[in-house]
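Dear colleague,

Here is the structure I said I would pass on. My notes on it follow below.

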Amino acid sequence: MDMLCLHPQRVHGVFRSTASVYRAFSCKAGEFLEMSAQECIKCAAGTYSLGSGLRFDEWDKIPLGFSSLATSPNDSPNRQHASTCKSAKWVAQGSYLESNRDECTVSLIYTVHLKKPGSVSFDYQYVDNSIIFEFFIQNDQCQEMDVDSNKKWIKLTTHGEWGTHSVNLNSGTNILYWRTTGVTLGSKAVKPILLKNIQIEGVAYTSECFPCKPGTFSRTPGSSSCAPCPRDTYSGRGASSCTPCNTKTHYALEGSAMCKSKPPCSKKDYIQTYSTCDKDGKTRVVYKWLEPRICLEAAAGAVKLPPSGQLKPCPPCNPGFYNNHTATCSPCPPGTYSDGVKACQSCPAGTEPVLGFEYKWWNVLPANMKSSCFNVANNNCDGLNGWEVAGDHLQSGSGRSDNDYLILTLRVPGFKLPMSVQGTSGSEYGRITFEFETSCSADCEFYFMTDVKKRSTNVVESWDGRKTKQSYTYIMTENSSVAFTWAFQRTSRASDVRRYANDMVKIYSVSVTNAVCALKSKKAGSSCVSCPAGHYIDKKTNQCQKCPPNTVLSGDNIYGKETCQPCGPGSKSNKEHSVCFSDCLFKYTHHNQILQYDFSALTLAGSILNGPSFTAKGTKYYHLFNISLCGAEGHKAAVCRDNITDLPNEDVKGGQLGSSVEAFLCQSTIIPSDGRGLRTALSSQSISLADTFQGATVEKSLNGINARPELFPSPPKRIPDVHFFYRY
């Protein structure tokens, strides 16, 4: 008697049949349904299966069943922009898919029919909040399925790291959409979204095993996945093992489908660094080949590795450390301090050491710093140093390819204010300052990021292209553990050839104030603090003196009256002399009249909406300015918030808020709701336009004419305008 009758239909690589077939056969991972025998068979070596799932991990081209749909912005003032999006699409880059880099809305679409409830998961990189990235599902009636907003809006990832997103699927037809929309308001290049390893569970069964893609292999029968070939080996499609390269003349990176010829070595193939200090306190310049070494030193026209330099004394220890005539530097004992050259000294009675880090000599990487490397295509560059010490600076390392992210992380477990300022009204717990420069010939980018309490890593500032030597300061307003991270990428363009190995960033110094677990010194006599808030140490008497009225102390160095810096015109200092501010009252003598201005209405934050404007591709946007210019003893009451950056945790009806910027004047870019599935406008790219109050004054002329008495026999009717000055 016949058990059943099969009428399979292929839907995007998945066989669809009656429900009775599915109930009878549910093969395990590593197996397939042999149709004639009606039984599950193990996959042969060199192949794999998920049993009741699909995996897409090969992106030399867009796989069968995927489609890309591009549309122009809905709010374009005319239709000429529609034609500019015809060529916008997701692009296959070998090991991943790359989104478009413009403002067009582009959807990657895939349809799958599930015989039981299942799931979809994928790996992605999403580092640029000028792109809106969403994932949603429709049924066969083109109706969007109910999906939690945490699943629809994709979270940003840290530079160089891959995130994973998973969503449950219903049985039946599921139309999957990965949709991106760019909002570019300047000339800065957009970082595209990267997508790979799409896996779908819940299909009826698979009637065949899939061959391992080139560069991978499965050694044993019944495999559910394929492993990448080790370095200097390769494989073709469906391989059960990898073939070694002739390493004398050829090389292969991990996961390679072929061996490549080694070119003659050039100056781009080695770097300069310094040896570790020896027992005699000596070091030398050392040259070493970039790893992995993929060039031939003996080939015609090849350069030789330069010899090591002469031995010379090691640089001194960093402040707060001493070497005690050894090759290593150790932190000063509790209650003592040092400038890094002299021995540790005890703080005078009644004083305390100023806590913090100050790194300006780089013979070894400090113990609380970590260097790493992330490869965009996941070609395992994490075994390489992302950064190298170089004596008076720290520099980005070689990585494995030009689009690697070279990562440097400094972890601070917390902050401790000096006793003299504890309990004051200031909001600063510490600050980090670093000095750097970049030297680039391509589209390099340098990022500074923070991760407070291991919540999430956020980009604080970034610089692209060549930058001259400069410093940057970030203030911590929360007493929490924090990881400060620097990331450098030579180019965002994928390439198998090293072109920009000599592009680099150099960090000359890093200092963190009030950080626990280390000691720091400014100069002898001022590294130990005992004075109350708002006081300085008199150089002649070494006694604490109160700063003059309307002055502010410059940082944590309180040695000398000159550290009390005067506030700007029209401003005063708070009682701790930690900040200058305007109390919203301003007096000015004008033609023997005392004019008093009352700006109390500016204490509370106000808003101005400017626009609409349109980007080059027609996306409508507004600029929202939040302003609070005075009062509140310098508290920055103007807040601009992003909800694109943190949309997975955002209540689109107006609940929980995303990341924010606090300032006297800040700006957000507002994109109105336009039918993209939003019930509220999107706020993004929030920036501060005024961080520090510098003073207030009146205008110097009236209607363009100098206000000289001989030109105005009687006082003009117009009252002079008052100008507030800020910097950011």
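Cys584 sits in the loop between strand E49 (580-581) and strand E50 (585-590), and Cys630 in the loop between strand E53 (620-627) and strand E54 (638-641), so the bond ties together parts that are 46 residues apart in sequence. The two sulfur atoms are 2.1 Å apart. Cys584 and Cys630 are both buried. Please keep in mind that this is a predicted model.

In total, the structure holds 14 disulfides. I looked at two others in detail.

One of them links Cys27 and Cys40, with 2.1 Å between the sulfur atoms. The S-S torsion here is about -85 degrees, so the Cys27-Cys40 disulfide is left-handed. Cys27 belongs to the loop between helix H1 (19-24) and strand E3 (31-34), while Cys40 is part of strand E4 (residues 39-42), so the pair connects parts that are 13 residues apart in sequence. As for accessibility, Cys27 has a relative accessible area of 6% and is buried. Cys40, at 30%, counts as partly exposed.

The other joins Cys229 to Cys242, with an S to S distance of 2.1 Å. For Cys229 and Cys242 the torsion about the S-S bond is about -85 degrees, so this disulfide is left-handed. Cys229 is found in the loop between strand E18 (227-228) and strand E19 (233-234), and Cys242 in the loop between E19 and strand E20 (243-244), so the pair ties together parts that are 13 residues apart in sequence. Both Cys229 and Cys242 are buried.

The backbone also deserves a look. Most residues other than glycine have a negative phi. Gln38 is not a glycine, yet its phi is positive, at about 55 degrees. Gln38 is located in the loop between E3 and E4; Cys40, described above, lies in E4. With 23% relative accessibility, Gln38 counts as partly exposed.

Where is Asn550 placed? It is in the loop between strand E45 (544-546) and strand E46 (551-553). The phi of Asn550 is near 60 degrees, again a positive value in a residue other than glycine. Asn550 has a relative accessible area of 36% and is partly exposed.

Regards

Note on methods. Residues numbered from 1 in each chain as written. Predicted model: local features only at pLDDT ≥ 70, side-chain atom pairs only at ≥ 80, totals over all residues. Heavy atoms only, no water. Disulfide = S-S within 2.5 Å. Helix = DSSP H or I, 4+ residues; strand = E, 2+ residues; numbered from the N terminus. Buried < 20%, exposed > 50% of the residue type's maximum accessible area, 1.4 Å probe, protein only.
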